[in-house]
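Here is a short briefing to read alongside your model.

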Amino acid sequence: MSPKKHTMKYKKPAVESRPKPAPAEEEKSKKTAAGLALVRGMKDILPPESALWREAHQVFERVAGAYGFEYIETPIVEAASLFIRSLGRSTDVVEKEMYLFEDRDGGKLCLRPELTASVVRAYIMHGLQTLPQPVKVWSAGAVFRYDRPQAGRYREFHQLGCENLGEKSPVVDAELIALAYNFLRDLGIPVVVHINSLGTPADREQYLVELVGYWKSKRTYLCEDCKRRLTKNPLRILDCKNDSCQPVIAEAPQIIDWLSDDSKGFFMRVLEYLDELSIPYVLTATLVRGLDYYTHTVFELYEETAEEKSQNALGGGGRYDLLAEHLGGQPTPASGFGLGVERIMSVWEKRRAATTPAAVPGAVNVFFAQLGEQAKRRSLYLIEELRREGISVHHNLAKSSLKVQLEAANKLGATHTIILGQKEVQDGTILVRNMDSGIQEIVDQKKLKQTLRRLLGVS
Ligand code: HAM
């Protein structure tokens with residue numbers, strides 16, 4: 001039976017095509033005089049950005065936990081065949097971007113280019129299908145793709161991801177989108193969800209015949225990459241960012257018109273749940289995602305900006321009901337998403353800078369200044385005591401001038417400086433200086449902890 005062509009009945013997309021990526025901005029690897037260099041497309045994450053980085057992970061853990069997801073960790077190195085089988089041989093990731101290498105015993109390995117296939121492998125290998133379903137896990141970590149480095153595109157980058165395995169319900173897809181959406185909202189990043197349905201392989205069969213016919217009729221207008229994709233991965237042409245291809249893509253047949261009634265019904269319910277959750281979305285007929293394992297719902301999240309401007313996706317995901325079976329497991333409906341941490345950090349840092357310029361998590365609360373040998377010795381004990389209370393204390397025991405120490409306290413952004421001199425050591429007191437007002441109070445050393453807790457608002 002050949003699938004029928006269906007007509008799209010729901011509202012027209014507000015935005016028809018996905019935003020284009022940021023303009024190329026080559027990141028050259030810089031060599032130091034000592035000949036040290038970062039591998040191209042990789043970067044260090046240094047303080048103070050690293051504190052924000054950790055905070056983003058903590059927020060994600062909290063939000064994922066609230067939705068009932070538990071943490072899973074899988075190895076960075078996997079058998080290359082896992083991704084070749086999962087993502088598809090003709091995808092860019094497998095064809096051009098995998099970091100492949102041979103183990104000493106000749107085994108073909110790779111640095112993972114994403115997290116989903118590893119989670120599914122673990123689910124099958126450890127018999128997680130025997131647990132009450134669905135199994136809901138979140139993971140975080142470095143992934144590797146040998147892509148051309150540019151703004152928001154690295155060769156080592158980090159993902160935060162959630163996978164829901166073992167439940168075929170449109171609510172699952174809507175809830176995953178809500179999780180990603182709310183996480184980004186909690187960071188203060190408003191996002192818009194671009195969404196589409198790829199249906200089942202059966203839905204796609206007839207659509208692909210139609211699509212290839214259309215591409216062939218417009219072959220001369222397609223870029224060289226797309227001409228190559230025409231035989232290897234015709235669906236991916238829809239995702240081409242090349243300007244010359246855009247008019248052809250705009251007129252291409254839309255998969256939504258070829259979905260079976262069941263697939264369309266499933267997708268409609270995902271959209272209804274999103275409406276219920278007040279999550280804004282844009283139906284995006286050209287959204288096909290870059291990995292082969294998707295069926296039904298696919299989505300991507302973009303920062304919502306005043307003007308529709310080119311930007312990179314902050315995250316993406318979708319349903320992959322056939323992947324577990326394809327990898328040798330039992331049939332297992334599944335859905336998930338991955339978020340790009342570097343891209344989120346870049347947007348988050350800009351937005352934070354605009355609203356709270358001085359607020360840096362992990363900033364030093366207290367600087368401990370000491371004057372003289374006896375004070376230095378006594379300060380070691382007092383500093384330890386404060387740190388045990390969870391108060392972040394910095395000091396510079398190598399310096400003895402008060403002026404130099406106060407300057408250091410200012411540079412670190414300490415709100416208070418504690419000053420211990422010879423006299424204070426003798427009479428058991430200590431000075432607490434408010435760095436903003438310059439006002440100092442004399443405190444009994446035994447009451448230092450309580451005083452600081454009060455001043456810093458630590459419970
Ligand atoms: P993906 O769209 O390939 O999906 O990657 C997810 C996110 O990782 C992207 O939206 C983007 O934010 C970030 N990303 C991708 N490539 C780069 C890069 N070169 N540099 C920086 N960031 C990048 C997946 O990986 C799927 N495993 C998602 C998923 C989970 N689908 C179902 N479950």
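What follows covers the ligand and its surroundings, then one glutamate.

This is a predicted model, in which local features need pLDDT of at least 70, side-chain atom pairs count only at pLDDT 80 or more, and totals for chains, interfaces and linings use all residues. Residues are numbered from 1 along each chain as its sequence is written, and side-chain values use heavy atoms, with hydrogens and water left out.

**Around the ligand**
- The ligand is surrounded by 25 residues (a heavy atom within 4 Å), and the closest are E114, T116, R289, Y294 and A313.
- By type, this shell holds nine nonpolar, ten polar and six charged residues, with Asp, Glu, Lys and Arg counted as charged, Ala, Val, Leu, Ile, Met, Phe, Trp, Tyr, Cys and Pro as nonpolar, and the others, Gly among them, as polar.
- Strands β6 (156-165), β10 (315-319) and β11 (334-340) each supply at least two shell residues; strands are DSSP runs of E, at least two residues, numbered from the N terminus.

- An N or O atom in the side chain of E114 is 2.6 Å from a ligand nitrogen.
- For T116, a polar side-chain atom lies 2.8 Å from a nitrogen atom of the ligand.
- F337 brings a polar backbone atom to 3.3 Å from a ligand nitrogen.

**E102**
- You will find E102 in strand β3 (residues 99-102).
- E102 touches G107 and K108 (heavy atoms within 4.5 Å), leaving aside residues up to four places away in sequence.

Key:
Polar contact = N/O pair within 3.5 Å; in protein donor to acceptor, adjacent residues only side chain to side chain. Helix = DSSP H or I, 4+ residues; strand = E, 2+ residues; numbered from the N terminus.
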